[in-house]
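I would ask you to look first at the sequence and the structure, and then to follow me through them.

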Amino acid sequence: MRIKTLVVLALMLLAIGCEQQTSEQIVEKVGRDHWKKIEKKVTPRIRDMVVRRLKYPESYQPISTDITVVNTKMLIYDSQAFVALRDLDRALKTFNEMHGNDTTSQEARIEMANIKNLTNFVHDKDNTIRKLPLEFAGIDVYHQFYADDKPGHQVKKGYHFIVHKDNNITLLCDNDELLRVKAFATEFLKNPPYRIK
């Protein structure tokens, strides 16, 4: 009786361990494994990039570094799409402030053409990204720190960097801008800017 119970228990544990992983789980695991391999090399590079941007580099005090695994379905992390979404958000706000209901002046028509081009670009990018297979694309590294913005006045800041699969690093933006662009993208596309299916 005891051996049968142990055998059944062992089979149950084996079945649970062999459970099928989703594509999202596989991409997350690949990204986390990639980060473990590169973290010690990448973190100092990101800190150097931050310190070089500061007005008072000697005031730099790191707080934390958090990561998000980026996959190919995350529109917001496509550099071109991000810039287009940011510019479209600004263009729409500026148009309303500058032109209101005016759509007939030359300036308004030029700005409307720019908005239309940005809109088309974002929709094309979104459609292209939807058709991509779900794969690991990189890592969003959110680095937070304290630094002086003027002598003796310390502020908390945070920047998002993208570490691409080839370990190149690009600065995406500060955290406030990322949140604004995400909110705009969600409203504009009527969906979150992260697509799984």
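This is a predicted model: local features need pLDDT of at least 70, side-chain atom pairs count only at pLDDT 80 or more; totals for chains, interfaces and linings use all residues.

The protein contains five helices and four strands. Read from the N terminus, their order is α-α-β-α-α-β-β-β-α. Of its 197 residues, 36% count as buried. The accessible surface is about 12,700 Å², and carbon and sulfur atoms account for 54% of that area. As for contacts between residues with a separation of 6 or more, 67% of them join residues 24 or more positions apart.

I now come to the strands. β1 and β2 run antiparallel and are joined by ten bridges. In one of these pairings, threonine 65 has histidine 143 of β2 as its bridge partner. Threonine 68 also has its place in β1. At 36% relative accessibility, threonine 68 counts as partly exposed. It touches Gly138, Ile139 and Asp140, leaving aside residues up to four places away in sequence. The C-alpha atom of threonine 68 is separated by 8.1 Å from that of tyrosine 142, although the two residues are 74 residues apart along the chain.

Why may strand β2 be described as largely enclosed by the rest of the structure? The reason is that eleven of its 15 residues, in the range 136–150, are buried. On pairing, β2 is joined to β3 by twelve bridges, and these two strands run antiparallel. Aspartate 140 stands opposite isoleucine 162 in β3. The hairpin of β2 and β3 has two residues between the strands, and glycine 152 there takes a positive phi near 80°.

The next pairing is that of β3, residues 153–164, with β4; it is antiparallel and extends over five bridges. Here tyrosine 159 has aspartate 174 of β4 as its bridge partner. β3 and β4 likewise form a hairpin, with four residues between them. In that turn, asparagine 167 has a positive phi of about 75°.

Let me move on to the helices, beginning with α3. At its start, a side-chain oxygen of aspartate 78 comes to within 3.1 Å of the backbone nitrogen of glutamine 80. How does the length of α3 agree with what its 21 residues should span? At 1.5 Å a residue the span should be 30 Å, and the end C-alpha atoms are 29 Å apart, which agrees. The buried residues of α3 include Phe82, Leu85, Leu88 and Phe95, and also Asp89 and His99. Their cover includes α4, β4 and α5. After α3 comes glycine 100, with a positive phi near 55°.

Helix α4 has 26 residues and reaches 38 Å from its first C-alpha to its last, close to the 38 Å expected. Among its buried residues are Ile115, Leu118, Val122 and Ile129, together with Lys125 and Asp126. The buried residues of α4 pack against α3 and α5.

Which residues have the most contacts inside the largest nonpolar core? They are Ile76, Tyr77, Phe82, Leu85, Leu172 and Leu178, in a core of 25 residues. At least two residues of this core come from each of α3, α4, β4 and α5. The greatest contribution is that of α3, with seven residues. Apart from this core lies another, of 20 residues, which includes Tyr60, Ile67, Phe145 and Ile169.

To close, let me recall two points. The strands pair antiparallel, β1 with β2, β2 with β3, and β3 with β4. Thank you for your attention.

Key. Residues are numbered from 1 along each chain as its sequence is written. Side-chain values use heavy atoms; hydrogens and water are left out. A nonpolar core is a set of buried Ala, Val, Leu, Ile, Met, Phe, Trp, Tyr and Cys residues joined through side-chain atoms within 4.5 Å. Buried means under 20% relative accessible area, exposed over 50%, partly exposed in between (1.4 Å probe, protein chains only). Contact means heavy atoms within 4.5 Å. Accessible areas come from the Shrake-Rupley method with a 1.4 Å probe; for residues, only the protein chains shown count as cover. The expected span of a helix is 1.5 Å times one less than its number of residues. Two strands pair if DSSP finds at least two bridges between them. A polar contact is a pair of N or O atoms within 3.5 Å; within protein, one must be able to donate a hydrogen and the other to accept it, and residues adjacent in sequence count only if both atoms are side-chain atoms.
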